[in-house]
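Please keep the structure in view while reading the points.

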Amino acid sequence: MPVPLLDVNAQNLPLESELQAAFSQVLHHGRFIMGPEMEAFEKEVAAMTGARHALAVSSGTDALLLALMALDIRPGDEVLCPAFTFFATAGAVSRLGAVPVFTDICPVCFNMDVNDARAKITPRTKAIIPVHLFGQCADMDPLLAMAQEHGLKVIEDAAQSIGATYKGRQSGTLGHFGTYSFFPSKNLGGFGDGGMLVTNDDQLAEFARVLRVHGSKPKYYHHYVGGNFRMDTLQCALLSVKLKRYTQYTADRQRNAAHYTAELLKLPGVVQADPAHCKCQSSQDSWLSAQKARIVLPVGYGHNGHIWNQYTLRVLGGQRDALREHLNSRKIGCEVYYPVTLDQQQCFANLPASSRLGCEISHRMAGEVISIPIYGELTEVQRLEVVAAIGEWLNI
Ligand SMILES: *Cc1c(COP(=O)(O)O)cnc(C)c1O
């Protein structure tokens, strides 16, 4: 039986009548831009995350761009971001003429290595963008302390982690800005593009609000050059229907992850990453070889509420693509997030060499990772099918 990587219909179709009612409501009042459902949805996200301000925007990418614009990031400024993330994190920096400076990551949680980031701070460094990859928060306490010490602005790229927690605090609410995405594959998946910008700072919120509508206030009077970064009323209305169920969606993903971990650990050559090895690559390597590990399972740190946007395995010994082909042949959905690190992207080849130093762990992860289906509606039978296909490959 095929198992897709993601099945958006499994989550959305049971809501069909409520979604249609939301659509009808917007259709009838006709306020398609900045209508009442937008404000309602913003309030709901603010309530869920505890952020003082939430601004619905056109995408997670535009949320990042708007945050950088509101923080006045300019050409030549340096912005630290991880090498191992989705392109938008660094793309938004480049679009303002600023320079993304790439940091390496931790091989256990896949998030920014704060010590590496510290080593790459220069007098031109203005901001830092930790990404909470795959649904788990980066180690924010040391990162925030470092940012404060060096006067850096902090934008949390929480596109994959809305509702995740770090020491009980909500992802996206710890820095100057947090950004969420409602791209259909994210945990709160929309019906097209959408995103949210959150902040606890009244002045930054007000400035971002103005920049969201071409920098105009009042209308047709422009003190700044902004953009059109609005989210459709309709999209907000539809997402409100899903937000009500978000706690359950997260619980379903967490149950799936726990089930995978329990079942996969029964297979020969499978171990789970050990949080004790965070940022300690060499001891991790000797431990993994002592275990004769072939596959390393992901782990959520005890202080993190992991929401499992992805369940990402590391396949050791140069065998990742072989596992990928095997899963493809068994019609088990899988994907490599991400096959090429950002410091190695063609479009960044002309950046100063100093912005692309020392990302060895990121390079290695790009060659080892593979993500398997984790969406909430996966059935137990489907999960066991995925586990069986991996077991079959290990025993080949
Ligand atoms: C998805 C994603 C984005 C961009 O969000 P869009 O809504 O697709 O523009 C940014 N950063 C990360 C880490 C993402 O996963």
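Helix α4 gives the most residues to the lining of the largest pocket, namely 3. The model is a predicted one, in which local features need pLDDT of at least 70 and side-chain atom pairs count only at pLDDT 80 or more, while totals for chains, interfaces and linings use all residues. Residues are numbered from 1 along each chain as its sequence is written, and side-chain values use heavy atoms, with hydrogens and water left out.

**The largest pocket**

- The largest pocket holds about 350 Å³ of space. A pocket is an open set of points on a 1 Å grid over the protein atoms alone, where a 1.4 Å probe fits, with protein on both sides within 12 Å along at least five of seven lines; lining residues have an atom within 4 Å of a point. Points are joined across faces, edges and corners, and the volume is the space filled by probe spheres set on them.
- The lining has 21 residues, and the closest to the pocket centre are Phe86, Gln160, Phe183, Lys186 and Tyr338.
- Helices (H or I, at least four residues) and strands (E, at least two) are DSSP runs, numbered from the N terminus.
- By type, the lining residues divide into 8 nonpolar, 10 polar and 3 charged. Ala, Val, Leu, Ile, Met, Phe, Trp, Tyr, Cys and Pro count as nonpolar, Asp, Glu, Lys and Arg as charged, and the others, Gly among them, as polar.
- The largest pocket lies between domain 1 (8–103 + 110–245) and domain 2 (247–394), because both give residues to its lining. The domain bounds come from an automatic or database domain assignment.

**Cis peptide bonds**

- Lys217 and Pro218 are joined by a cis peptide bond with omega of about -10 degrees. Pro218 sits in the loop between α8 (202–212) and α9 (233–243).
- Another cis bond runs from Tyr337 to Tyr338, with omega near 10 degrees. Tyr338 is in the loop between α12 (320–329) and α13 (360–368).

**Positive phi**

- Asp72 is not a glycine, yet its phi is positive, at about 60 degrees. Asp72 lies in the loop between α4 and β2 (78–82), and its relative accessibility of 41% makes it partly exposed (buried is under 20% relative accessible area, exposed over 50%, partly exposed in between; 1.4 Å probe, protein chains only).
- Tyr220, also not a glycine, has a positive phi of about 75 degrees. Tyr220 is in the loop between α8 and α9, and counts as exposed at 66% relative accessibility.
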